[in-house]
Amino acid sequence: MDVQSEFRVGKAGQYWAVFRGAHRVSPTYVRHEEAEDRRQRLARRAASKMRPCISCSALFRSEGPHHRMCPGCRTKSASADWMSREVL
Ligand SMILES: [Zn+2]
C-alpha cells in the first residue's frame, strides 16, 4: 500500500486534523486547507528515505531521486556565489 495514501484529513471534534489510520498525527486546525497542507507534508515525509549524500556521503532524509544532496551540501552549493564572504 502506498504510504502517502494512509494519511487523510478528518474531523477532530469541531476542528480538522490529519489522521493516519485511526490515529491523529497532527494538531487540530480551524481551517480545512491548513490540515490538508499538513497532510501533504506528513505524507511526503513518510514516503522519504534515508540516502547517502552524493557529495559528502552523509546519510540524510531524501524526498526522492531528484533529492540527492544533504542539507549542508545543498546550502553550500546554493551559496557558492557568496564564497568570498563569510556566511554563518
Ligand atoms: Zn553532503
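Here is a quick tour of the protein chain, from its overall layout down to single residues.

This is a predicted model, in which local features need pLDDT of at least 70 and side-chain atom pairs count only at pLDDT 80 or more, while totals for chains, interfaces and linings use all residues. Residues are numbered from 1 along each chain as its sequence is written. The protein chain has two helices and five strands, and from the N terminus on they run β-β-β-α-β-β-α. Helices (H or I, at least four residues) and strands (E, at least two) are DSSP runs, numbered from the N terminus.

**The chain as a whole**

- Buried residues make up 9% of the 88 residues in the protein chain. A residue counts as buried if 20 or more other C-beta atoms lie within 10 Å of its own, as exposed if 12 or fewer do, and as partly exposed in between, with C-beta atoms placed from the backbone.
- Take the contacts between residues at least 6 apart in sequence: 17% of them join residues at least 24 apart. A contact here means that the C-beta atoms of two residues, placed from the backbone, lie within 7 Å.

**The sheet**

- Three strands make an open sheet in the order β1-β2-β3, with antiparallel pairing. β1 and β3 stand at the edges with a single partner strand each, so one side of each has no neighbour in the sheet.
- Two strands pair if DSSP finds at least two bridges between them. In general, strands of a sheet pair through backbone hydrogen bonds, either parallel or antiparallel.
- Strand β1 (residues 7-12) and strand β2 (residues 15-20) run antiparallel and are joined by six bridges. Among the bridge partners, Arg8 goes with Phe19, Gly10 with Ala17, and Ala12 with Tyr15.
- These two strands, β1 and β2, form a hairpin with two residues between them, and Gly13 in the turn has a positive phi of about 65°.
- On to the next pair: β2 and strand β3 (residues 23-24) are antiparallel too, over two bridges. Phe19 has Arg24 as its bridge partner in β3.
- The hairpin of β2 and β3 also has two residues between the strands, and there Gly21 takes a positive phi near 60°.

- Leu42 sits in helix α1. It counts as partly exposed because it has 17 C-beta neighbours inside 10 Å.
- Leaving aside neighbours within four places in sequence, Leu42 is in contact with Phe7, Val18, Val25 and Ser26.
- Leu42 and Arg20 are 22 residues apart in sequence, and their C-alpha atoms are 9.6 Å apart in space.

**The nonpolar core**

- The largest nonpolar core has six residues: Phe7, Val9, Trp16, Ala17, Val18 and Ala35. β1 and β2 each supply at least two residues of this core, and β2 gives the most, with three.
- A nonpolar core is a set of buried Ala, Val, Leu, Ile, Met, Phe, Trp, Tyr and Cys residues joined through C-beta atoms within 7 Å.
- Beyond its neighbours within four places in sequence, Ala17 is in contact with Gly10, Ala12, Arg24, Ser26, Thr28, Tyr29 and Ala35.
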